[in-house]
Amino acid sequence: MSNWIEVFRPAADPSAEEIRLGDWIGLSRYGDLEGEYHTARNRIGLHDRSYRGLLEVTGADRASWLHNLTTNQIGTLQPGEGNYTFATNLKGRILFDMNVSVRPEAIWLDLDIRWLHLAQRHFDKYTIVEDVVVRDRSDEFLRLALIGAQAPALLARLGASNAAVMPFLQISRLTVDGAEIACFRHDLCGLFAADLLVPKDFAKAVWNTLRACDGVTPVGYQAVDMLRMEAGIPWPVSEINDQVLPAETGQLHRAVSFTKGCYLGQEIVERMRSRESLARKLSLLRFDGQRVPQPGDQLFADHTHVGQVSSACRSLKFGAPIALAYLRAAHAAPGTSVKLESEAGDIQGTVVPLQPED
């Protein structure tokens, strides 16, 4: 996995910290975190997304084969269309999540780089006689994102005239500095955002050109991570992993088709929906005081263990520490009080509403 940090570092404060996700090394921030946060909300944030990988599936059986291994509808997608989906195991638990984009001669799978080897092993296991080939194309591209309220206008100037109303994961084409760029909408942190797949030979030129556009400011991982937590969006590895069932994530509306027929783990996923009975739910918590919880911190209500923290930060929106956690369903209603217990001391938290589903 190529790292592009040296391309981006000149824009950063020398004191900016690095962050590592698997093999990827990026910048947690470029300068002022609060400034980057507000840029992403109100203007245009330019974000290094090369912590995402790209698998390409080719072969005559690619659509039907992938359809049988994922929770969402694949077989009816047309070139240019896409959706969000889970790959589940026989027990209905999530192995990994991904965005699917159908190309004229291939299907592209956009997923966290930490899922790449797992996904390749999983797909290889379930390729028997099918005419499919799965190839890792991650190193061929630099992945960028344009985020924020003014991003559609910039994309329109670059050639994506329908950016403001672009359907999710529908691919458009842009040309920047001679580079042909695939662009798709993906509101990764609860705000308008579009991912750009830039051919690696053009990476530095395109970054510099976008950076020079009016209203554009580099935004590091920390601001994006805060925004997605505030929006209640589960993240790969942190909230999406093989300990989690699809219904627990709150993402059924966009990740699961209940009319597509059989797929790996389908019986369990359908049972959870039809019985309308969940043991736990993804929840957003706001905490008293200033101490930020840590992933793995244990949560209690009336001396009963009800869950544990999966992600946390100090939120600018809430003006307080927040966390995502899978809580027992009986304790997941907004307004419910929970207590975090750790060696660093106990702190009180309250469940707050997640953003309404689209």
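**Close-up 1. Strands E3 and E9 run side by side in this predicted model.** Here residues 44–48 (strand E3) meet residues 141–147 (strand E9) in an antiparallel arrangement, joined by four bridges. To find your bearings, look for Gly-45, whose bridge partner in E9 is Ile-147.

**Close-up 2. An open sheet holds the E3 and E9 pair.** Stepping back, you can follow six strands in the order E10-E11-E12-E9-E3-E13, with mixed pairing. Strand E10 (171–176) and strand E13 (216–218) are the edge strands, each pairing on one side only. From one strand to the next, the twist averages 30 degrees.

Close-up 3. The structure holds three cavities of 30 Å³ or more. Lining the largest one are 11 residues, and Arg-52, Ser-138, Phe-141, Leu-142 and Arg-143 lie nearest its centre. Strand E4 (52–58) and E9 each contribute at least two residues to this lining, which is made up of six nonpolar, three polar and two charged residues.

**Close-up 4. The second largest cavity has a volume of about 40 Å³.** Around it you will find Trp-24, Leu-27, Tyr-30, His-47, Asp-48, Val-219, Gly-220 and Tyr-221. At least two of the lining residues come from strand E2 (24–27), and at least two from E3. By class, five are nonpolar, two polar and one charged.

**Close-up 5. His-331 sits in a loop between two strands.** The loop links strand E17 (320–328) and strand E18 (337–341). His-331 counts as buried because its relative accessibility is 19%, under the 20% cut-off. Leaving aside residues up to four places away in sequence, His-331 touches Ala-301, Val-306, Thr-336 and Val-351.

Key
Residues are numbered from 1 along each chain as its sequence is written. This is a predicted model: local features need pLDDT of at least 70, side-chain atom pairs count only at pLDDT 80 or more; totals for chains, interfaces and linings use all residues. Side-chain values use heavy atoms; hydrogens and water are left out. Buried means under 20% relative accessible area, exposed over 50%, partly exposed in between (1.4 Å probe, protein chains only). Contact means heavy atoms within 4.5 Å. Two strands pair if DSSP finds at least two bridges between them. Axes are lines fitted to C-alpha atoms, for helices over the stretch in contact, and angles run from 0 to 180 degrees between N-to-C directions. On a 1 Å grid over the protein atoms alone, a cavity is a set of points where a 1.4 Å probe fits but cannot get out, and a pocket is an open set with protein on both sides within 12 Å along at least five of seven lines; lining residues have an atom within 4 Å of a point. Grid points are joined across faces, edges and corners, and a volume is the space filled by probe spheres set on the points. Ala, Val, Leu, Ile, Met, Phe, Trp, Tyr, Cys and Pro count as nonpolar, Asp, Glu, Lys and Arg as charged, and the others, Gly among them, as polar.
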